[in-house]
Structures are given as structure tokens and as C-alpha cells.
Amino acid sequence: VEDTYGPPSHNIVDNLRSYIQFQMTELQSVDKEMAASRRPLRDFLVSAVPSAVKNHVVVVCQTMDDMQYLIRPVFAAALGRPPSIVFITEKFPSAREWEEANLYQEVWVIINKNDSHQAMEQCLERAGLLRASCMLC
């Protein structure tokens, strides 16, 4: 405990100050990790995922709004290396949506601009559905 929060004190103010300093240090290190993981959307907005992407999760959705709530448990449940996630979405992700999804590695985006069944079949092929471990709609 002393390594984390410093030596114990009988003064509550000193204890709170130590705890806040520790939390600020933790936040700064998390912020540095997040900045290092920020990737431009143009690198992950693809017409087809690379053939090396296998055992991934394909997600078909209208938008990527709040998709971090889907991604977080998938990554948390992964034993070892988390799976890649391929989003097939009708709308281009907003900056906020990409920031939220970009916190996780190996997230790909394919835009399906056409509502026809044939276009969706082609998107699923380009998303590597036959190599995927599952698909969520």
C-alpha cells in the first residue's frame, strides 16, 4: 500500500492528497497509451479486409454510435489476443464514433451505401465472413 499511496498518515488531507496524486499519475499514463493507439480512420476504412484477418467478428449496423459498449466486452472476454472487429455500416463514422472505436486495436470499417441484398452479400464477402468466428446484426 505504501508503494502506491505513500506512507500512511493520520491526517485525512494528506491521505487524500496522496491518493489524488496517484490517480493523476495513472490518468497521465493512460492518456499516453491512448495517444499512441490513435490511428487515422483512412487506414481502417477499407473496401475489403486483408486476407490475413481471420477469426474476427463481423458487425452489421446502421451507425457506429456507442459501439464501444459492444467492443469492450468482446475484448475483455478474449483470452490472449482479442479478435479483430469488422463493422459494416451504412453511415460514415463521425469523429466521436471513430475515437470510441479506435481505443481498440484491429477495428476495420466497410461502408455499405446500397440497401440491396446483393450489395450486402458483397459486403459480407469483403468483410471475410467465411473466415470470421461470428457475425452480429
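Colleague: Where is Gln68?
Modeller: In helix α3. Keep in mind that this is a predicted model.

Colleague: Is Gln68 buried or exposed?
Modeller: Buried. Its relative accessibility is 8%, and the cut-off for buried is under 20%.

Colleague: What is Gln68 in contact with, leaving aside neighbours within four places in sequence?
Modeller: Pro73, Glu100 and Tyr104.

Colleague: Where does Asp66 lie?
Modeller: In the loop between β1 and α3, with α3 covering 68–77.

Colleague: And how accessible is Asp66?
Modeller: Partly exposed. The relative accessible area is 36%.

Colleague: Now Asn55. What about its phi?
Modeller: Positive too, at about 55°. Asn55 is not a glycine either.

Colleague: Which loop holds Asn55?
Modeller: The one between α2 (12–37) and β1 (57–61).

Colleague: Buried or exposed, that Asn55?
Modeller: Exposed, because its relative accessible area is 54% and the cut-off for exposed is over 50%.

Colleague: New topic, the surface. Which residues make the nonpolar patch of about 380 Å²?
Modeller: Ile12, Val13, Leu16 and Ile20.

Colleague: Where does Val13 lie?
Modeller: In helix α2.

Colleague: How accessible is Val13?
Modeller: It counts as partly exposed, at 43% relative accessibility.

Technical notes. Residues are numbered from 1 along each chain as its sequence is written. This is a predicted model: local features need pLDDT of at least 70, side-chain atom pairs count only at pLDDT 80 or more; totals for chains, interfaces and linings use all residues. Side-chain values use heavy atoms; hydrogens and water are left out. Helices (H or I, at least four residues) and strands (E, at least two) are DSSP runs, numbered from the N terminus. Buried means under 20% relative accessible area, exposed over 50%, partly exposed in between (1.4 Å probe, protein chains only). Contact means heavy atoms within 4.5 Å. Patches are made of residues with over 30% relative accessible area and no salt bridge: like charges are joined within 9 Å, nonpolar side chains (Val, Leu, Ile, Met, Phe, Trp, Tyr) within 5 Å. Accessible areas come from the Shrake-Rupley method with a 1.4 Å probe; for residues, only the protein chains shown count as cover. A salt bridge is a side-chain nitrogen of Lys or Arg within 4 Å of a carboxyl oxygen of Asp or Glu.
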